[in-house]
Amino acid sequence: MIRALNAKFLISAPNISLAPPVSGSEVAFLGRSNVGKSSLINALVNHKNLAKSSSTPGKTQLINFFEVGYEYDEQRINLVFVDLPGFGYAKVAKSMHNEWKKNLDEYLKQRSNIKLFVHLIDSRHFDLEIDKNVNDYLQSFLRADQRILNILTKADKLNQSEKSAALKAYPNAHFVSVLKKIGIDKANELIVKNALGV
């Protein structure tokens, strides 16, 4: 049985040089703006307002770090969840956009203790070029001790044939719905096991 015991906000950092000291395995959450990253993080740790979601897409410009304590096989383990700025955001100046991209790129490629990339994809729009590009991008520098977990959000909006189509595009993906509390326990299990390399 895997369950989240507690969670706390650590720090927001604009780039890797201001990130907290390396401690334990990090789980990096990526996804387009409005895909439901903050809502999923809150649902995983059973905490309403831990990760703040913004009504304006692209508003989260910082890399946000949270420490999460889990019970796993009667042991207590700590992971660090990292909520990254959404990509594909509108309404930001090009210079600002390039700065974020550079900071994110450095963090994702150089942070030694990222063990798992959780790529969130809106299950209603699973065939977008931007999501395919993110998958290819992660694969291009994935280390042997790292994994990618694709999570298809807003699954309560799909019927069975739409789910099948989404799984064709992302065969090992996991469906969740924060609204209907679907797939959250399983997502926790997948995240913990993948982050620990089990």
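Residues are numbered from 1 along each chain as its sequence is written, and because the model is predicted, local features need pLDDT of at least 70, side-chain atom pairs count only at pLDDT 80 or more, and totals for chains, interfaces and linings use all residues. Side-chain values use heavy atoms, with hydrogens and water left out. Helices (H or I, at least four residues) and strands (E, at least two) are DSSP runs, numbered from the N terminus.

**The sheet**

- Seven strands form an open sheet with mixed pairing, in the order β1-β3-β4-β2-β5-β6-β7, where two strands are taken to pair if DSSP finds at least two bridges between them.
- The edges of this sheet are β1 and β7 (174–175), each of which pairs on one side only.
- Strand β2 pairs with β4 in the parallel sense over four bridges, and within β4 the residue Val80 stands opposite Glu26, while Val82 stands opposite Ala28.
- Strand β2 also pairs with β5 in the parallel sense, here over six bridges, and Phe29 has Val118 of β5 as its bridge partner.
- Six of the six residues of β2 are buried, so this strand is largely enclosed by the rest of the structure; buried means under 20% relative accessible area, exposed over 50%, and partly exposed in between (1.4 Å probe, protein chains only).
- Helix α3 (residues 129–141) lies across β2, β5 and β6 and runs at about 170° to β5, the axes being lines fitted to C-alpha atoms, for helices over the stretch in contact, and the angles running from 0 to 180 degrees between N-to-C directions.

**The nonpolar cores**

- A nonpolar core is a set of buried Ala, Val, Leu, Ile, Met, Phe, Trp, Tyr and Cys residues joined through side-chain atoms within 4.5 Å.
- The largest such core has 30 residues, and those with the most contacts inside it are Val27, Phe29, Tyr70, Phe81 and Ile191.
- Two or more residues are given to this core by each of β1 (2–13), β2 (26–31), α1 (37–45), β3 (63–72), β4 (75–83), β5 (114–122), β6 (147–153) and α5 (184–195), and α5 gives the most, with five residues.
- Leaving out residues up to four places away in sequence, Tyr70 touches Ile2, Arg3, Ala4, Leu5, Gln75, Arg76, Ile77, Leu79, Phe81, Asn188 and Val192, contact meaning heavy atoms within 4.5 Å.
- A second, separate core has 18 residues, among them Leu84, Leu104, Leu108 and Phe141.

**Helices α1 and α5**

- Seven of the nine residues of α1 are buried, so this helix is largely enclosed by the rest of the structure; the buried residues are Lys37, Ser38, Leu40, Ile41, Asn42, Leu44 and Val45.
- The 12 residues of α5 should span 16 Å at 1.5 Å a residue, and the end C-alpha atoms of the helix are 16 Å apart, which agrees; the expected span is 1.5 Å times one less than the number of residues.
- Buried residues in α5 are Ile184, Ala187, Asn188, Ile191, Val192, Asn194 and Ala195.
- Just after α5, Gly197 takes a positive phi of about 75°.

**Loop residues**

- Asn46 lies in the loop between α1 and β3, just after α1, and its phi is near 60°, a positive value in a residue other than glycine.
- At 71% relative accessibility, Asn46 counts as exposed.
- Lys154, in the loop between β6 and α4 (160–169), likewise has a positive phi near 60° in a residue other than glycine, and Lys154 is partly exposed, with a relative accessible area of 24%.
- Leu158 is also placed in the loop between β6 and α4, but Leu158 is buried, with a relative accessible area of 12%.
- Neighbours within four places in sequence aside, Leu158 is in contact with Ser123, Arg124, Lys163 and Phe175.
- From C-alpha to C-alpha, Leu158 and Leu179 are 13 Å apart in space, and they are 21 residues apart in sequence.
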